[in-house]
Every structure is written in structure tokens, then in C-alpha cells.
Amino acid sequence: MRPAFCVTHDSAAEARLAAKELFSLNLVSYAYVPWRQPLFWCRERETAFRQFMRFHGKSVCRFPGKDHRDGQSQGLYGLR
């Protein structure tokens, strides 16, 4: 039998990398825009992003919304 390969991701590490890059810009405010459906990796990213910013004395706003299939805006679409 041949070995199987699998690719995984680290949501928390991705969020910390993004937070570090944004933090380096020294902005006044920061926000997290979630995916339109509540998926585990989205919650992991938000938690890690918030923890990084909180550790560095920054707060994070969140833009929740409804699934755009209902005709309502969600996430980035809600910023229009």
C-alpha cells in the first residue's frame, strides 16, 4: 500500500501572522470579518486574532451578519 499524504492548515497560526502584519501598521482600530457560515476554522482564527491584539493592548471589532443567500449582507459584503 502506498502512503497517503494530507495537507492541513493551522487557523490560529494564520490569524497570528495576519494580526502581526496588521499590528505593524500601527492602526487605530482593527476588525475581524468572519466567513458567512460559522465554521470551526473561522472561530479559531477569530480567537487567535483577538488574543494577539488584546495582548498588545488593541481591541477588535467584529462584523457579523446573515448568510447572503437570504438576501442579507454578510461579512465583507456588509461593509458596502
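R50 and E46 pair up in a salt bridge, with their closest N and O atoms 3.1 Å apart; the term covers a side-chain nitrogen of Lys or Arg within 4 Å of a carboxyl oxygen of Asp or Glu. Both residues sit in helix α2, four residues apart, about one turn of the helix. Helices (H or I, at least four residues) and strands (E, at least two) are DSSP runs, numbered from the N terminus. This is a predicted model, in which local features need pLDDT of at least 70 and side-chain atom pairs count only at pLDDT 80 or more, while totals for chains, interfaces and linings use all residues. Residues are numbered from 1 along each chain as its sequence is written, and side-chain values use heavy atoms, with hydrogens and water left out.

E46 has another partner too: its side chain meets that of R62 in a salt bridge (2.9 Å, N to O). Here the link runs between distant parts of the chain, from E46 in helix α2 to R62 in strand β2 (residues 60-62), 16 residues apart. Put together, E46, R50 and R62 form a network of salt bridges. As for cover, buried means under 20% relative accessible area, exposed over 50%, and partly exposed in between (1.4 Å probe, protein chains only). E46 has a relative accessible area of 12%, so it counts as buried, whereas R50 is partly exposed at 24% and R62 is partly exposed at 37%.

The salt-bridge count comes to three, and R45 with E14 makes one of them, the closest N and O atoms being 2.6 Å apart. Because R45 belongs to helix α2 and E14 to helix α1, this pair ties together parts that are 31 residues apart in sequence. R45 is partly exposed, with a relative accessible area of 27%, and E14 is partly exposed at 33%.

Now for the overall layout. The chain has two helices and two strands, which follow the pattern α-β-α-β along the sequence. Of its 80 residues, 20% are buried. Its accessible surface comes to about 6400 Å², with 57% belonging to carbon and sulfur atoms; accessible areas come from the Shrake-Rupley method with a 1.4 Å probe, and for residues only the protein chains shown count as cover.

A nonpolar core is a set of buried Ala, Val, Leu, Ile, Met, Phe, Trp, Tyr and Cys residues joined through side-chain atoms within 4.5 Å. The largest one has 10 residues, namely A15, A19, Y30, Y32, C42, A48, F49, F52, M53 and V60. At least two residues of this core come from each of α1 (11-23), β1 (30-32) and α2 (40-55), with α2 giving the largest share, five residues.

Leaving out residues up to four places away in sequence, Y32 touches C42, R45, E46, F49, V60, C61, R62 and F63, a contact being heavy atoms within 4.5 Å. The structure holds zero disulfides, a disulfide being a pair of cysteine sulfur atoms within 2.5 Å.

L25 lies in the loop between α1 and β1 and is exposed, at 54% relative accessible area.
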